[in-house]
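This briefing is meant for a reader who is meeting the structure for the first time. Please look over the sequence and the model shown here, and then follow the points below topic by topic.

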Amino acid sequence: MHLEVILHSFGYLAQAAAVTLAISLAGILLGFVIGAGACVARLSRRVWVAALAGVYVSVFRGVPLLVLLLFIYYFLAEFGLDVPALAAAIGGLALSSGAYQTEILRGALNAVPKGQAEAAVALGFTGPEIWRRILLPQALRISIPPLINEFILLLKASSLVSVVGIAELTRVSMNIATMTYRPLEAYVGAALFYLAINLVLAGCGGLAERRLAEGAR
Amino acid sequence: MSLDVLIRYAPSLISGFGVTVMCWGVGGALGIALGFVIALLFRLRIAPLTWALRVFVEVFRGTPFLVQLFLLYAGGPYIGLRLSATAAGVLGLGVYSSAYFAEIFRAGFAAVPVGQIEAAMSVGMTPRDTLLRVTLPGALIAATPPIVNMLVVLSKETVVLSIITVPELMYQMQTMAAETFTAFDSIFAMAAFYWLLVEATSRVGRRVEARVTAFLQEEAKPA
């Protein structure tokens, strides 16, 4: 081990880690929008809307992310659309994460006791009011720990977008490995960055979980 | 994609499928075995050992599988570990998943009610008998659903092995796509194939889960 290789490339790795974080953040946020939409669709009374959302979840949870990324890449090229690799990468991450987030949000909504909505109806709350003041605040609260967990998984999965040529942490460490002939040090450096980010995220998750446990009776 | 392309490439696709299943099976078995040993070592409660195992689990769960693979395959030779792509892939899958399996088994052990172990001791069972006849069966039943779930996740991770040139299905499909200019069709077929594989495995998993919980309910009934 030549630790000076890691120290020399520290700046590049830190920059790449920022790109990884930015891509993951964009992916999880866009995924949340997709997931929230699909969750609403899954709970819809129209059977075909619910079924469509169910197919979305099943397909995007079933297809490996690497296959999905390449598919988006080639799919758009087939129709002559020259989409930048970055957009394809974020889109792929968001579509995949959206399917998982659909189920997280659905589970959280189901975890809110039925009696709460019934009590609200009995007290004369209107439909939108029940959603805004009773169901959503509690469901979002319940969904925060699993959403943080999903973010950690997404951050690790974002290493796969290196195959479409985006200069994130994994790609940059590959470049450093080929330039310095020191793959061991380059990948240990990248692993340390991933680990540091994930430990911070896991810490936030633990904190959120404890605080929410305090709030709930 | 014309059918004759598929027929022409059938042998390489079939062998790729075989490699995928082999990597999945051997890697998964290795991960379960290693994870089980780690969970048992956790139970010894030797502080330095527990600490070291904790670091192992956190490192392998906190870093991407792809980076771990690169480290093993490209970095390995620098510390005297020279492996073929397939060997590195199987070993990588095993070690990576062992961290997850260890946590699954640990949770399984934690799920066995303390009262059962106390009851076993109070009727005079030896510690060895208590472990083999009370703790282990209970822990394994509790761990079955998450194990099946992890195996499904692992089946999707095998695709990543194509990046370090393990000749599994994804790799063969990409070779075919490059040689015949059928990138779109090949990737589409891949997506459909893995979706079916994951759906089928999940379905089998749910049946196993249903049987396990049915067994638990039977156990819970008063005699």
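In this predicted model, Ala117(A) is partly exposed, because 16 other C-beta atoms lie within 10 Å, a count that falls between the 12 or fewer of an exposed residue and the 20 or more of a buried one.

**Ala117(A) and its surroundings**
- Leaving aside residues up to four places away in sequence, Ala117(A) touches Ile130(A), Ile134(A) and Leu135(A).
- Val59(A) stands 58 residues from Ala117(A) in sequence, and the two C-alpha atoms are 32 Å apart in space.

**Helix 6 against helix 7 in chain A**
- The axes of helix 6 (residues 114-122) of chain A and helix 7 of chain A come within 10 Å and cross at roughly 140°.
- That angle makes helix 6 of chain A oblique to helix 7 of chain A, since only angles over 145 degrees would count as roughly antiparallel.
- The contact brings Gln116(A), Ala117(A) and Ala120(A) of helix 6 of chain A together with Ile130(A), Ile134(A) and Leu135(A) of helix 7 of chain A.
- Sorted by class, the residues in this contact of helix 6 of chain A with helix 7 of chain A are 5 nonpolar and 1 polar, with no charged residues.
- The crossing of helix 6 of chain A with helix 7 of chain A is right-handed.

**Helix 5 against helix 7 in chain A**
- Helix 5 (residues 85-111) of chain A and helix 7 (residues 127-157) of chain A have axes that come within 8 Å and cross at roughly 150°.
- Helix 5 of chain A and helix 7 of chain A are therefore roughly antiparallel to each other, and their crossing is right-handed.
- On the helix 5 side, the residues that meet helix 7 of chain A include Leu93(A), Tyr100(A), Ile104(A) and Leu109(A), while those on the helix 7 side include Leu135(A), Ile142(A), Pro146(A) and Glu150(A).
- By class, this contact of helix 5 of chain A with helix 7 of chain A has 14 nonpolar, 3 polar and 1 charged residues.

**Chain A as a whole**
- Chain A has 9 helices and 0 strands, and its C-alpha trace spans about 70 × 50 × 20 Å along the principal axes.
- Of the 217 residues of chain A, 42% count as buried.
- Among contacts in chain A between residues at least 6 apart in sequence, 77% join residues at least 24 apart.

**Where chain A meets chain B**
- In the model, 29 residues of chain A are in contact with 26 residues of chain B.
- Helix 3 (47-62), helix 4 (65-78), helix 8 (169-180) and helix 9 (183-215) of chain A each supply at least two residues of the side that touches chain B, and the largest share, 10 residues, comes from helix 9 of chain A.
- The residues on this side of chain A divide into 22 nonpolar, 5 polar and 2 charged.

**Confidence of the prediction**
- The model scores ipTM 0.87 and pTM 0.88.
- Chain B averages a pLDDT of 88, and 95% of its residues score at least 70.
- Within chain B, confidence is lowest in helix 8 (residues 183-220) of chain B, at a mean of 79, and highest in helix 4 (residues 85-111) of chain B, at 94.

How values were computed
Residues are numbered from 1 along each chain as its sequence is written. Chains are lettered from A and ligands numbered from 1 in the order in which they are written. This is a predicted model: local features need pLDDT of at least 70, side-chain atom pairs count only at pLDDT 80 or more; totals for chains, interfaces and linings use all residues. Axes are lines fitted to C-alpha atoms, for helices over the stretch in contact, and angles run from 0 to 180 degrees between N-to-C directions. Helices (H or I, at least four residues) and strands (E, at least two) are DSSP runs, numbered from the N terminus. Angles under 35 degrees count as roughly parallel, over 145 as roughly antiparallel, 65 to 115 as roughly perpendicular and the rest as oblique. A crossing is left-handed if the near helix is turned anticlockwise from the far one by less than a right angle, and right-handed if clockwise. Two residues are in contact if their C-beta atoms, placed from the backbone, lie within 7 Å. Ala, Val, Leu, Ile, Met, Phe, Trp, Tyr, Cys and Pro count as nonpolar, Asp, Glu, Lys and Arg as charged, and the others, Gly among them, as polar. pLDDT is the predictor's confidence in each residue, from 0 to 100.
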